[in-house]
Amino acid sequence: MAAVDEKPTVKRDFLMEIERKYQKEWKETRVFEVDPPTDADNLEGSALQQKYPKWLGTFPYPYMNGSLHMGHGFTISKIEFNAGFQRLLGKRALFPCGFHCTGMPIKAASDKIIREISMFGEDFEGYRPAQEEEAEPDASAPAPSADAAAPTTNVSKAKKGKVQAKSTGLEYQFQIMEASDIPRAEIKKFVDPQYWLQYFPPIAQSDLNAMGARIDWRRSFVTTDANPYYDAFVRWQINKLHALDKIRFGMRYTIYSPKDGQPCMDHDRAEGEGGGPTEYTGVKMEVVDWSPSAKEALGDCLTGKRVFLVAATLRPETMYGQTNCFVGATLDYGFFSANETDVYVCSYRAARNMAFQDIISPRDNPTKITSLKGSQIIGTKIKAPFSINPEVYVLPMEGVLPSKGTGVVTSVPSDSPDDYAALMDLRKKADFYKIDPSWAAIDPVPVLSTPTYGEMTAPALIKLMKIQSQKDTVRLAEAKELAYKEGFYKGTMLIGDFKGLPVEEAKPKVRDQMIAANLAFAYAEPDRFIKSRSGDECVVALMDQWYLDYGEDNWKVQAEKLLGKMETYSSETRHAFEAVLNWLNKWACARTYGLGSKLPWDPQFLVESLSDSTIYMSYYTVANLLHSDIFGQQPGPLGITPSQMTDEVWEYVLASGPYPTSTDIPKESLQTLRQSFTYFYPMDIRSSGKDLFGNHLTFAIYNHAAIFPEEHWPVSMRANGHLMLDGKKMSKSTGNFLTLRQAIDKWGADATRLALADAGDGIEDANFDHTTANASILRLHTLIGWCQEAAEAASGFRTGPLTYHDRVFQEEFITLARETKKSYEATNYKEALKSALYETLMARDWYREVTFEEGMHKDLVQEFNRTLTLLIAPITPHTSEHIWKTILKQPGSIQTASWPDAPSSYQPCPDLLAAGAYMRGTLKTMRDAELLLVKKRAKKGAAGGPAAYDPSQPKKSVNVYVASTFPPWQDQSMDIMQKAYDPASGNIDDAKIKDELTKAGLLKDKRIMPFIQLQKKRITQLGAEAAFRRQLLFSEVEVLTLLIPYIKKNLKMQDVNVMTVEEGRKASAPDALLDQAEPGTPAFNFFNPQ
């Protein structure tokens, strides 16, 4: 991240001192440790929850291979702010946090360190940068620690983060860790994967404590079999899914790392998360006659072999229309032995995928006989399976990629815009492309018909989109998508055994025919580049494996039912879930490399990292009762051992199963576990980054639906976008990166939290702005100063009955408190911050200014400061705690205070709100009107003309004219709009408005349409009822009369005269001026009195 200019830090340091003080106090008083009620009165589940409201909020537990970054902090803040709000509502708000260690990342990094020690020595003393000459070893290098048994974790370490180190160009794992402030002498301890589990969790806990997170740390744990209690929990979960036939075994395509020898799922990847297999049809095009160049290069090496160019197509139904075959002239093509008689020609990448799908043998290492450049293959004659042209030629094509498909492309120019454009280029420039024109002489063949483009889809699109050549890649990509959708969904076959069938039906039938005739085979490859944590490019393998049967019809129905009942806070989130449910399919749940729990019935495998983390939220409800440390080495208060936590016990505790008669756990202890679970579950909210829609979040829906009864299904899930820093993507490679601790050290906890709340809430990407964080320091410091000054000056404030201005101010901050509550409930923290802090302080500023003569009311100021402190407490707990206890002298901690709801006797007064907005708006309008007169005077003065009003004169006055009725044309327009408004849909029929205006003779009035557009906006902002109500809720004259002292002071007026339009006419005020006045919009006449 770009360096921020250092400024004096006195205010920040003051805030940070407050933060450290209250963090220590909260820890000592255990204020965030939450337990079920002890006086349950034999109540359970929802009945107990109703009597003693609870809330459980979770976020994806962070992975323990480095420090938390601001992306973590942003997602965590969504639950953290909610936890603070729920506490204010009087709920037992439980916010737990575990530490994820399952999977490959830690093991892969450990293996890298092992390799680097073998290369450079135990303390890497043999390492020399490539640009440096050999030199003597650094004598100042720290000596190895004598104690290598336990981690010497220092929470000041590892704050830069390994990803920031990557941005500096560091090549080795030890350099990355050294850049993370881990001493070189300690790095060798990380060869043990278990050491990572001991080292990083304390750092994460320290960082979150420094943030002021309201976490119950008693419930923390590490995953994998390092914690035997959690291991038992995972075994129960996996066994139950297996028993329910949700986990199956069979042949299927999966993303696979040959180096690791196992499937490579999302969290095992260094690149390509979210990628999966794409299934093609591999078309076998047998060579009939090699080009002269190929013949010379190949010699006799293929004697006795059948050679096939292999193309990968997604459109086997179009193979009837092949006119040629394309290769990339500059690409390398390997000749790979498929079996004893056949040789396949394709890219090495494709051959590698085929080898792991038993298409090419041996399975793990395709045998390459020889290779040729594509340019040497051009001019070769081949067979075209199923084509009405049985033999075609190999031609060059620009843009053939070795990273997609096989590098060999079938050509069907009737239906592929790319193929048609390339063929036309070759015909136009045969000499340029060095081909014999006869090779490109076959014309496109109609294969299918579409209603939009007829029998020649590609030529039609090329003409329609004015595509000139194959170099127009952008429009060709658009044309390709249009052609595919039109052909697949609306096309009808014109040729072949399935003539007359819709393409959608014919496609699989043609594919099956080709495969049955041994003219094609099923082939798959990754849909993008995928690299494992060990640095291996992954392939698609066809293999026997254990998999979760996501997408199975009955299970999918359960998942859809759960989603239907669940709150998602936005339509975008719901639609994202629905989209994933529509495509999510079988998911490999076991692997052999990394850390994790063993598959109970097949212990050679480990449970995959996204499969052991789907219902662990339920484990939080009992973790503190089972163990007293994150590794489960110390039993919890119930004295239960890991071996006692059998599947039957877990089923009883978490899934309403029968009492486990075979257990030796005391009945009272089992009941305590079960009561804790049934009290805190279901989970009230799960918050996560949007990148987990395609795996973890949807997996959680599936698994909860399968394992738990409906009353324990999640209540809600929300998702947020990625966090940008200062408007730019947070990037490992550019250095625009920030850890959570770095932010807290730079701005303090509350200023960081405030900037996180201001960053945004939807699934679109949010922005953490350092200027907001800097401004927050001043804002919070000033707020504390105001509260302190108000407390010290309280004896000088006014007492007695509330004035009109008092009542307006009170109504405004009560209303803002209600709006803030709604925003917190909707998890819209940016909006909550706006109403809780920014708008509330604006209301205070106006009140302070408008009561400059009589002064502010003592009780009202105290009520305001108390309310404001509570409103912002979820976001800025340290600042609020300081004001609450030190300045307001309130009893107890703000963490146990209550939300500032209005008294039960309170009745909303919209007239006061309207009057407050009117006063501020009118003053601004008057100021703008006077400024406009100043500008006009300057223009007239330059032209030598007269000017009636001189604002520079010491004597200035203004007459304010108030109207009691609207102009007739406005009333007519509003009546017409109201007739055209549909209350059911909330829409306005514009055609009806136009008809009615025509009938009334108003359509040509230039004032009408701008007025109607303005009223439409008012309907959107205020609602139809308020917008159509054409009467003010207050007396305009009375309010303006009350405002006269402030207008005089603010605009420096000698006199302010408020009168009605009728009074103005009697006083001979100009009609043109009086006609400008409307109810709520007075007219002004500025003048210089004599």
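In what order do the 3 strands of the open sheet with mixed pairing run? The order is β26-β25-β27. Strands here are DSSP runs of E with at least two residues, helices are runs of H or I with at least four residues, and both are numbered from the N terminus. Two strands count as paired if DSSP finds at least two bridges between them. At the edges sit β26 (728-729) and β27 (766-768), each pairing on one side only. Strand β25 (residues 723-725) runs parallel to β27, with 3 bridges between them. Look for Leu 725: its bridge partner in β27 is Phe 768.

**What you're looking at**

This is a predicted model, so local features need pLDDT of at least 70 and side-chain atom pairs count only at pLDDT 80 or more, while totals for chains, interfaces and linings use all residues. Residues are numbered from 1 along each chain as its sequence is written, and side-chain values use heavy atoms, with hydrogens and water left out.

The protein has 38 helices and 32 strands, and its C-alpha trace spans about 115 × 80 × 70 Å along the principal axes. Of its 1090 residues, 54% are buried. Buried means under 20% relative accessible area, exposed means over 50%, and partly exposed is in between (1.4 Å probe, protein chains only).

**Domains and the record**

An automatic or database domain assignment sets the domain bounds. The pieces are domain 1 (247-276 + 527-544), domain 2 (279-524), domain 3 (769-908) and domain 4 (944-1087). Taken over C-alpha atoms, the centres of domain 2 and domain 3 are 71 Å apart.

The UniProt record, an unreviewed entry, puts "domain: Aminoacyl-tRNA synthetase class Ia" at residues 49-114 and 196-768. UniProt positions follow the numbering used here, feature names are shortened, and annotations may be inferred rather than shown by experiment. Over residues 49-114 the chain is 48% helix and 12% strand, with end C-alpha atoms 52 Å apart.

Strand β1 (residues 54-58) is largely enclosed by the rest of the structure, because 5 of its 5 residues are buried. Lys 54, Leu 56 and Thr 58 point one way, Trp 55 and Gly 57 the other, and all are buried.

β1 pairs in the parallel sense with strand β2 (residues 92-94) over 3 bridges, and Leu 56 has Leu 94 as its bridge partner in β2. To get from β1 to β2 the chain goes through helix α3 (residues 70-88), and this β-α-β crossover is right-handed. That label means that, with the strands pointing away from the viewer, the path from the first strand over the helix to the second runs clockwise. β1 also pairs in the parallel sense with strand β23 (residues 685-689), over 2 bridges. There, Thr 58 stands opposite Arg 686.

**A covered helix**

Helix α23 (residues 693-707) is mostly covered: 15 of its 15 residues are buried. How far apart are the end C-alpha atoms of α23? They are 20 Å apart, which agrees with the 21 Å that its 15 residues should span at 1.5 Å a residue. The expected span is 1.5 Å times one less than the number of residues.

**Cysteines**

If you're wondering about disulfides (a pair of cysteine sulfur atoms within 2.5 Å), the structure holds 0. Cys 346 is in none, and its nearest cysteine sulfur, that of Cys 325, is 12 Å away. Cys 346 counts as buried because its relative accessibility is 0%.

Cys 538 is in no disulfide either; the nearest cysteine sulfur, that of Cys 264, is 3.8 Å away. Cys 538 is buried, with a relative accessible area of 3%.
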